[in-house]
Structures are given as C-alpha cells and as structure tokens.
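This report works through one protein chain for a reader who wants each geometric term tied to its cut-off. The chain comes first, and the text follows.

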Amino acid sequence: MNRILLLILTIIPFFCFGQNYTSYFTGNSTDIITNPLGGVCLMGGATEDDNAIKWFLQRANGGDVLVLRTTGSNGYNSYFYTGLGIPVNSVESIVCHNAMASNETYIIQKIQQAEAIWFAGGDQWSYISYWRNSPIDSAINQAIQQKNIVIGGTSAGMAIQGKYYFSAQYGTVTSATALSNPYNSLVNVDSAAFINNNFLNNTITDTHFDNPDRKGRLISFLARIKTDYGVYANAIACDEYTAVCIDTNGIARVFGGHPTYDDNAYFIQSNCELTTQIPENCSTGNPLTWNLGGLAVKSYQIKGDSTGSKTFNLSTWQSGTGGTWYNWFVSNGNFNEQIGTAINCSPLAIDEITNNSEIQIYPNPTQDKMIISMSDLSLNLEEINLYNTLGQKFVFKTSKIGKDYNVDISELQNGVYFILIDERNSKRYFSKIMKN
C-alpha cells in the first residue's frame, strides 16, 4: 500500500518557486547508484523507435533516467518507466522555462544522480541559449566523462549532440536555400563547446532527414565547417522513425522499421581518398560547388531494422555491415548522389602491423598533447611517425620522460591521424588518433 501511495505522490508535478522549471517525477524517490554502460542514442524525430529506447534504457542499468526539455510535460515518464518492460529506478522530466533554470541547484543535483539523460524534441536554439556555458552543460559533460552515463535525444535533442551543430538560431533552413548560398544567414553552423561526446567530437548531426529531404543542407554544413574551421567533419543523419545507437566501442547500430518502412541512417564524410578535398566554391552569395569529379563526399546508408543488426564503425569511419556506399556531390547548387565504393583511407599496410597491450597512447581524442606509455621497459622504440588519412607524413615534437614519450601535436590541424611506431626488433605498432 505504501509503495502505491509513493508512486501516486511522485507523478504529481513539482512547480519551483519563480517558475524557472517544472519537474514531473515517476518511480522510486530514493536515489540509487548503478554502473551505467554509457553510449549515445540519436533519434531522427517523429515517434520514438521502441527498440532503440530499450537499448537506451538497458544502458542505464536499472538507474535513474532524467529527461531534459524546454517545452512539453511528462510524456516520457510512463513510457520509459513501465511502457517497455525495462526496469529503471525512476524517470523524471524537467522542463526548463528559461535560461535562469540553468542555475537551479535542484536540476544540477538531478543531473549528477542520473544514469541516463534524454533530450526531448523542440527547438535546439532554446537548448543552446539556455544551457550552453552554464552549470547544466558542465554537469552533463562531467556525467558523460566521469560517470559514463548513457545519453540520447530525438529531433532537436539529437541535433545538439555533435561537436558541430546547426543551431537554428534564426530558424530552420531548407536544402535549396543552403545550396544556393551556403552563407545565407539561416545556415548557422556553430562550434562553441556544448555537449561533449567522444565519438561525436568531429561530427555534426541532422534529423528528420526524409521530411523534407535534407541531404543538400547537410553537405552545405560540412562545406561550411571546412571553410570556416579548417576541419573535415563527419556527419550522422537519421530519417524520422530511425535511430542510431552508439556503444562505447564506437559501434553504431541502426534501428528502424525496415523492410516494412524505408527508414535510413547516414554516415557521411569528405572523401579522404582524394588528394584535394576542398570544395571548389563555398563562398558568400554563390551556389555551392563541391564536386571533385563526382567523388567529393562519401555516404554510407543503412536501413534500420527492429534488431539493430546493421552497423557502422565510428572508430574507423570506414567499415559497416548491411549498408550501401554512395558518392555525394554538388555542382552549382545542385545536389547529386550515385552508388559508390567502400572508402579506404588507411595509409599503412595494416597486415604488417602488430597491436601491443604494453604500449598505450592517451588521451585519445586529444587537443594538443598525448603520451605514449610503455609498461614493458624492455621495449626500445626506434622511430615514431605520424600520418594523416592521405598518407602524408608530418613533423611533430617528442620528448622522453622515463619510459614514456610526450607527443606535441598542437601545431597540427584538427582531424584523424595515424601513429606508426617502429621498435628495434623490427616490430611495428599502429594506432589511430584524433585531434580536436
């Protein structure tokens, strides 16, 4: 009887003094601590995919689920708590009504207690303008990095999760508008630090990809990121009713309703096989041209099914299962795509290279510096070389301290690199690193 009374009481919304936020709570009001399994769930909008949400809830490992939103109410509470049969301790939806909510001690405490955080749909600019550079985004990032919480979101809640993001500060933008002038004021691609997910550090996301078609605007976003920030970014996009769930090994599973429905996810990148990858024309007032012989951009398209059986490896951005490679390109503002071939950008002969657990390279990703650490003091490194995805060799600074080597890559552009280590016994060791 007491448990029934507790549940009845906890579904009543709590209105804070001053109305900066509203909380809707369902479940056990006593916080418990579990070991969340981490990961990211990205959903394209419209109705949630039940199987992807089950994946998300399972990775909370029986803990507390927090829904953060700027509009709406408690629509997720019963769905997450009892609707899918995945046991969790509680579900709480907190609706932030203004930017002042970012300073509310109650919300920060709930973020710190959560094993899973879900961002609802809505207006991504509200999320950004309310939470960026605030205690809320600091607490979220701390929970991701230190507590290994699982994080997810749909529609606007997916759109805010990449390192680069379309902020929608001035409203949405169509493919036609973005392609005709990638510097139209509506094409607002931001890079200011916000949500920090390791596997999305070099990535922009897009949603509702099939309604309307958004391929043209996304390729415009990628062209802008290269032109403005000097970075060849990656992109993940989802049709409505489609979800991408990424585990901590970087394996992205695609959920959807295929074969009954045509639900797709896309993994998109500039073509690193080309000697030159820069758009031919990405300038103010002019239509975008990013053609490069019809090979400018590579897209791996996966049709999502109920089991999430088709995957893409975000650790390499080169291998997937069950999908199809396409070439994307733009000529004078006109988007085109054709069936393509698998991308292969590794400059090294992998079959000649050995993995060695005695050699660790960290942090990875990094901003400026990393350490090559050797637990086996008998290892004698002869040479350390660094290459980009085109096989170009770079000069960088190293210094040895004890058994470790400090590597300084602060002068290199952001992107993916490969470290090749030669030992004097003729063994070679290989690792992929990311600078961001």
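Which residue in E16 is the bridge partner of Arg-253? In E16, that partner is Thr-311.

The model is a predicted one, in which local features need pLDDT of at least 70 and side-chain atom pairs count only at pLDDT 80 or more, whereas totals for chains, interfaces and linings use all residues. Residues are numbered from 1 along each chain as its sequence is written, and side-chain values use heavy atoms, with hydrogens and water left out.

## The chain as a whole

The chain has nine helices and 27 strands, where helices (H or I, at least four residues) and strands (E, at least two) are DSSP runs numbered from the N terminus. Of its 436 residues, 55% count as buried, a term that stands for under 20% relative accessible area, with exposed meaning over 50% and partly exposed in between (1.4 Å probe, protein chains only). The chain exposes about 18100 Å², of which carbon and sulfur atoms supply 49%; accessible areas come from the Shrake-Rupley method with a 1.4 Å probe, and for residues only the protein chains shown count as cover. Among contacts (heavy atoms within 4.5 Å) between residues at least 6 apart in sequence, 71% join residues at least 24 apart.

## An open sheet and its helix

Six strands form an open sheet with mixed pairing, in the order E10-E11-E14-E15-E18-E19; two strands pair if DSSP finds at least two bridges between them. The edge strands, each pairing on one side only, are E10 (203-206) and E19 (334-339), and the twist averages 25 degrees from one strand to the next. Helix H9 (residues 215-229) packs on this sheet and touches E10, E11, E14, E15 (297-303), E18 (324-331) and E19, while its direction makes about 160 degrees with that of E10. For such angles, axes are lines fitted to C-alpha atoms, for helices over the stretch in contact, and the angles run from 0 to 180 degrees between N-to-C directions.

Within the sheet, strand E11 (residues 234-238) runs antiparallel to E14 and is joined to it by five bridges, with Ala-235 standing opposite Ile-268 in E14. Asn-264 lies in strand E14 (residues 264-270) and counts as buried because its relative accessibility is 2%. Its side chain is joined to that of Asp-262 by a polar contact of 3.2 Å; a polar contact is a pair of N or O atoms within 3.5 Å, where within protein one must be able to donate a hydrogen and the other to accept it, and residues adjacent in sequence count only if both atoms are side-chain atoms. Leaving aside neighbours within four places in sequence, Asn-264 is in contact with residues including Cys-238, Asp-239 and Thr-242.

## Antiparallel pairs

| Strands | Bridges | Residues opposite |
|---|---|---|
| E24 (residues 397-401) and E25 (residues 404-408) | five bridges | Thr-398 and Val-407 |
| E12 (residues 243-246) and E13 (residues 251-255) | four bridges | Val-244 and Val-254 |

E24 and E25 form a hairpin with two residues between them, and Gly-402 in the turn has a positive phi of about 65 degrees. The hairpin of E12 and E13 has four residues between its strands, and there Gly-250 takes a positive phi of about 85 degrees.

With a disulfide taken as a pair of cysteine sulfur atoms within 2.5 Å, the count comes to zero. Cys-41 is in no disulfide, and the nearest cysteine sulfur, that of Cys-245, is 3.4 Å away. Cys-41 counts as buried because its relative accessibility is 0%, and Cys-245 counts as buried at 0% as well.

Gly-44 lies in the loop between strand E3 (40-43) and helix H2 (50-58), and at 0% relative accessibility it too counts as buried. The C-alpha atoms of Gly-44 and Thr-205 are separated by 9.5 Å, although these residues are 161 residues apart along the chain.

## Helix H5

The buried residues of H5 (residues 124-131) are Gln-124, Ser-126, Tyr-127, Ile-128 and Trp-131, and their cover includes strand E4 (64-69), strand E5 (90-96) and helix H6 (135-147). At the start of H5, a side-chain oxygen of Asp-123 reaches to within 3.0 Å of the backbone nitrogen of Trp-125, and just after the helix Asn-133 takes a positive phi of about 60 degrees.
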